[in-house]
Amino acid sequence: MGQKERPAGIPANLVVAVGVVAFVVAVAAGRGGQIAAMAAALAVVLVCTGWLARDGWLRRRRTREGAGQ
């Protein structure tokens with residue numbers, strides 16, 4: 001029996017890239033005094049962080065289930 005393939009979905013690298021770009025936009029917007037744009041960009045950063053945390057938790061859970069723990 002081989003390892004289970006990870007289901008197709010959003011690649012983690014893409015989420016990291018979007019989060020980094022959103023953080024840069026938030027910093028630039030903050031320096032420019034654009035509070036709404038900064039808040040929106042920070043919301044994207046938070047969503048990306050949450051997605052990555054959930055993805056990591058699910059991966060760990062699948063790994064443990066596969067190992068029979």
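Me: Is aspartate 55 buried or exposed, and how does one decide?
Reply: A residue is called buried when its relative accessible area is under 20%. This is a predicted model, and in it aspartate 55 has a relative accessible area of 10%, so aspartate 55 is buried.

Me: With which side chain does aspartate 55 meet in a salt bridge?
Reply: Side chains of opposite charge can pair when their charged atoms come close. Here the partner of aspartate 55 is arginine 59, with 3.1 Å from N to O. Arginine 59 has a relative accessibility of 36% and therefore counts as partly exposed.

Me: How are arginine 59 and aspartate 55 placed in helix H2?
Reply: An α-helix has 3.6 residues a turn, so residues three or four places apart point the same way. Arginine 59 and aspartate 55 are four residues apart in helix H2, about one turn of the helix.

Me: How many salt bridges are there?
Reply: The count is two. Arginine 61 is partly exposed, with a relative accessible area of 43%, whereas glutamate 65, at 54% relative accessibility, counts as exposed.

Me: How many helices and strands does the protein have?
Reply: The protein has two helices and zero strands. Helix H1 covers 12-31 and helix H2 covers 35-67. After H1 comes glycine 33, which has a positive phi, near 80 degrees.

Me: How far does H1 reach from its first C-alpha to its last?
Reply: The span of a helix can be compared with the length expected at 1.5 Å a residue. The 20 residues of H1 reach 29 Å, close to the expected 28 Å.

Me: Which residues of H1 are buried?
Reply: They are Ala12, Val15, Gly19, Ala22, Ala26 and Ala29. Seen down the axis of H1, these buried residues fall within an arc of 110 degrees, so they line one face of the helix. On the face turned away from that buried side, H1 carries the exposed residues Asn13, Val21, Val24 and Arg31.

Me: Where do valine 16 and leucine 52 lie?
Reply: Valine 16 lies in helix H1 and, with 40% relative accessibility, counts as partly exposed. Leucine 52 belongs to helix H2 and is likewise partly exposed, at 30% relative accessibility. Valine 16 can also be compared with valine 45: the two are 29 residues apart in sequence, while their C-alpha atoms are 9.1 Å apart in space.

Me: What share of the residues of the protein count as buried?
Reply: Of its 69 residues, 14% count as buried. The accessible surface of the protein comes to about 5600 Å², and 64% of that surface belongs to carbon and sulfur atoms.

Terms used
Residues are numbered from 1 along each chain as its sequence is written. This is a predicted model: local features need pLDDT of at least 70, side-chain atom pairs count only at pLDDT 80 or more; totals for chains, interfaces and linings use all residues. Side-chain values use heavy atoms; hydrogens and water are left out. Buried means under 20% relative accessible area, exposed over 50%, partly exposed in between (1.4 Å probe, protein chains only). Accessible areas come from the Shrake-Rupley method with a 1.4 Å probe; for residues, only the protein chains shown count as cover. A salt bridge is a side-chain nitrogen of Lys or Arg within 4 Å of a carboxyl oxygen of Asp or Glu. The expected span of a helix is 1.5 Å times one less than its number of residues. The arc is that of the directions from the helix axis to the C-beta atoms.
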